[in-house]
Amino acid sequence: MENKTSPLNFSDEVTKRLGGETMTLCYQCGTCASSCPVAKITPRFNPREIIKLSLLGEREEVLSSDSLWLCCSCYNCQERCPQKVEIADVIYALRNIAFKKGHIPNIYSEFASALMSDGHIVKVSKFVENKRPTLGLPPLPPSGVEALRKILAATGFDKLQKKEESQ
Ligand code: SF4
Ligand code: SF4
């Protein structure tokens, strides 16, 4: 278990990442939380709180929490933030750091495995394959998994995911 990080160290780590650059502009007004459809339906998710904890250097609490993965990337918050904090993108940056540290909910890990093996996040079932012609639909095109694997290898995603699968 990692200890609390210096606020400056963790802020630096986030703001150096693509998407995380604007995090330190936040002045905690709460507009993001009041605009967020996910925060409306569960107290487990609050974008203002995630940014506050990140600014305070609560690295482990932020990165190990499943709530980081509840954002649905609707960008409502980002449209409205008076400080122009790119909140959804900050959350992506935090997720990327979390994934590198081995924190990823099982369901996302399963999506990643399926993407690497089949080129689809969700496997296409035999039922769907068989149903398409009865509805006059053509067979599904190839998923292009080879090209996808090259991209995942170039970004290092494949190695991180294989490490995750072996744990
Ligand atoms: S709306 Fe912007 S400034 Fe206000 S709490 Fe959210 S991120 Fe911070
Ligand atoms: S992008 Fe994420 S944090 Fe922002 S309003 Fe949508 S669900 Fe909430």
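Which residues of H8 are buried? In this predicted model, the buried residues of that helix are Ser109, Ala112, Ala114 and Met116. Among the elements that cover them are helix H10 (145–155) and H11. H8 itself has 13 residues, and the distance from its first C-alpha to its last is 18 Å, close to the 18 Å expected at 1.5 Å a residue. The helix is followed by Gly119, which has a positive phi, near 80°.

The chain is divided into two parts, domain 1 (7–100) and domain 2 (106–166). Their C-alpha centres are 28 Å apart.

Aromatic contacts were examined next. A pair of aromatic rings is described by the distance of the centres and the angle of the planes. The count comes to three aromatic pairs. Trp69 belongs to the loop between helix H5 (59–64) and helix H6 (76–80), whereas Tyr108 is part of helix H8 (residues 106–118), so the pair ties together parts that are 39 residues apart in sequence. With 10% relative accessibility, Trp69 counts as buried because its value is under 20%. Tyr108, at 29% relative accessibility, counts as partly exposed. Ring pairs also join Trp69, Tyr108 and Phe111 into a cluster.

Another pair is formed by Phe99 and Phe157, whose ring centres are 5.3 Å apart and whose planes stand at 40°, so this pair is tilted as well. Phe99 lies in helix H7 (residues 87–100) and Phe157 in helix H11 (residues 157–166); the pair therefore ties together parts that are 58 residues apart in sequence. Phe99 is buried, its relative accessible area being 9%, while Phe157 is partly exposed at 24%.

The surroundings of the ligand were also described. Ligand 1 is surrounded by 14 residues, and the closest are Cys26, Cys29, Gly30, Cys32 and Cys81. Helix H2 (31–35) and helix H4 (47–55) are the elements that give two or more residues to this shell. By residue class, the shell around ligand 1 consists of nine nonpolar residues, four polar residues and one charged residue.

Terms used. Residues numbered from 1 in each chain as written. Chains lettered and ligands numbered in written order. Predicted model: local features only at pLDDT ≥ 70, side-chain atom pairs only at ≥ 80, totals over all residues. Heavy atoms only, no water. Near = heavy atom within 4 Å. Helix = DSSP H or I, 4+ residues; strand = E, 2+ residues; numbered from the N terminus. Nonpolar A, V, L, I, M, F, W, Y, C, P; charged D, E, K, R; others polar. Phe/Tyr/Trp six-rings, centres within 6.5 Å; stacked < 30°, edge-to-face > 60°. Buried < 20%, exposed > 50% of the residue type's maximum accessible area, 1.4 Å probe, protein only. Domains from an automatic or database assignment. Expected span 1.5 Å × (residues − 1). Contact = heavy atoms within 4.5 Å.
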